[in-house]
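Trainee: I have a new model open. Can you take me through how to read it?

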Amino acid sequence: MIEQIPEWALTRADEMQIADLLTRCFDTDFDNKSYYRQRPHLRLIHRLNGQIIGHIGLLLRTVRMAGKLTDIAGLAEVCTHPDHRGQQIASRLLQAAIKLADSTPSEYLVLFGKASLYAGHGFIRHPNALTYLNISSGRTQEIATEPAETLMVLPLRGQVWTTTAPLDMLGPLF
C-alpha cells in the first residue's frame with residue numbers, strides 16, 4: 001500500500017526504516033540519513049507488514065531554464081528493498097509520484113537516474129548544461145557547471161523541454 005508522508009509528519013521510526021532501506025539499495029553513503037543531499041518535501045512509501053520496502057522522495061523547486069524561472073517537481077531516492085524487487089513496487093510508486101506532481105504547479109517532473117524504469121514511464125534523458133550547488137557529506141563544496149549525464153525529464157503540461165538551454169538548479173541536485 002502506498003502512503004504519502006509530508007516531511008514534517010515523518011516519524012523517527014519511519015525515518016530510521018527509510019535510512020536503512022537507502023543503505024540496502026544504494027552504494028552511496030547516506031551517513032545514516034533518510035535522504036542524500038536535502039530533505040524532500042514529501043515521501044511516498046510502500047509498506048509490507050509494517051516495514052517500508054519502497055520509497056520515493058518528492059521535492060518542489062523553481063529552476064532557471066533558458067533564462068526563465070520554471071517550477072519543477074523532483075524525484076529522489078527511488079528504491080525498492082532488494083528482497084522485493086521485480087514486484088512492480090517502484091513502478092507503482094513512480095505512477096503515484098507522477099499523479100501527485102501533476103496536481104502541483106510544476107511544469108516538469110525531473111530526476112537524476114539511469115534505470116530503464118524511468119523511460120518506461122515517459123521520462124526522457126536530456127544533456128543540458130547544468131549549474132548546481134555541489135553538496136558532499138553535508139557540506140557545501142562549490143557551484144558546479146557541467147553537462148547533465150543522468151538528467152531525465154517528464155513534461156507535465158504538454159510543453160517541450162529545451163535540451164540545449166542551460167539549466168540552473170538554483171540549489172543542489174536531488
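Predicted model: local features only at pLDDT ≥ 70, side-chain atom pairs only at ≥ 80, totals over all residues.

Trainee: How many helices and strands does the protein have?

Mentor: Helices (H or I, at least four residues) and strands (E, at least two) are DSSP runs, numbered from the N terminus. Here there are three helices and 10 strands. From the N terminus the order is β-α-β-β-β-α-β-α-β-β-β-β-β.

Trainee: What does the radius of gyration say about the protein?

Mentor: The radius is taken over C-alpha atoms, and the globule rule is 2.2 Å times the number of residues to the power 0.38. The protein has a radius of gyration of 16 Å, close to the 16 Å that the rule gives for 174 residues, so it is as compact as a globular protein of that length. Its C-alpha trace spans about 45 × 35 × 30 Å along the principal axes.

Trainee: What share of the residues is buried?

Mentor: Buried means under 20% relative accessible area, exposed over 50%, and partly exposed in between (1.4 Å probe, protein chains only). Buried residues make up 49% of the 174.

Trainee: And what share of the contacts joins residues at least 24 apart?

Mentor: Contact means heavy atoms within 4.5 Å. Take the contacts between residues at least 6 apart in sequence: 68% of them join residues at least 24 apart.

Trainee: Now the pockets. What volume does the largest pocket have?

Mentor: The search runs on a 1 Å grid over the protein atoms alone. A pocket is an open set of points where a 1.4 Å probe fits, with protein on both sides within 12 Å along at least five of seven lines; a lining residue has an atom within 4 Å of a point. Grid points are joined across faces, edges and corners, and a volume is the space filled by probe spheres set on the points. The largest pocket comes to about 760 Å³. Of its 30 lining residues, Phe26, Val78, Phe112, Gly113 and Tyr118 are the closest to the centre.

Trainee: Which element gives the most to that lining?

Mentor: β4 does, with six residues. β4 (68-80), α2 (89-102), β5 (108-112) and α3 (116-119) each supply at least two. For residue classes, Ala, Val, Leu, Ile, Met, Phe, Trp, Tyr, Cys and Pro count as nonpolar, Asp, Glu, Lys and Arg as charged, and the others, Gly among them, as polar. The lining of the largest pocket divides into 17 nonpolar, nine polar and four charged residues.

Trainee: Which residues line the second largest pocket?

Mentor: Asp29, Asp31, Lys33, Tyr36, Arg37, Ile135, Ser136, Ser137 and Gly138. This pocket holds about 170 Å³. By class, its lining has two nonpolar, three polar and four charged residues.

Trainee: On to single residues. Is Arg43 buried or exposed?

Mentor: Arg43 is buried, at 0% relative accessible area. Arg43 sits in strand β2 (residues 42-48). Beyond four places in sequence, Arg43 touches several residues, including Glu3, Glu7, Ser34 and His55.

Trainee: Which backbone oxygen lies 2.8 Å from a polar atom of the Arg43 side chain?

Mentor: That of Ser34. A polar contact is a pair of N or O atoms within 3.5 Å; within protein, one must be able to donate a hydrogen and the other to accept it, and residues adjacent in sequence count only if both atoms are side-chain atoms. Ser34 lies in the loop between α1 and β2 and is buried, at 1% relative accessibility. The side chains of Ser34 and Glu15 form a polar contact of 2.9 Å.

Trainee: Where is Asn32 found, and what is its phi?

Mentor: Asn32 is in the loop between α1 (12-25) and β2. Its phi is near 60 degrees, a positive value in a residue other than glycine. Asn32 is exposed, at 69% relative accessibility.

Trainee: What about Leu170?

Mentor: Leu170 has phi near 50 degrees, again positive in a residue other than glycine. Leu170 lies in the segment after β10 (167-168) and is partly exposed, at 45%.

How values were computed: Residues numbered from 1 in each chain as written. Heavy atoms only, no water.
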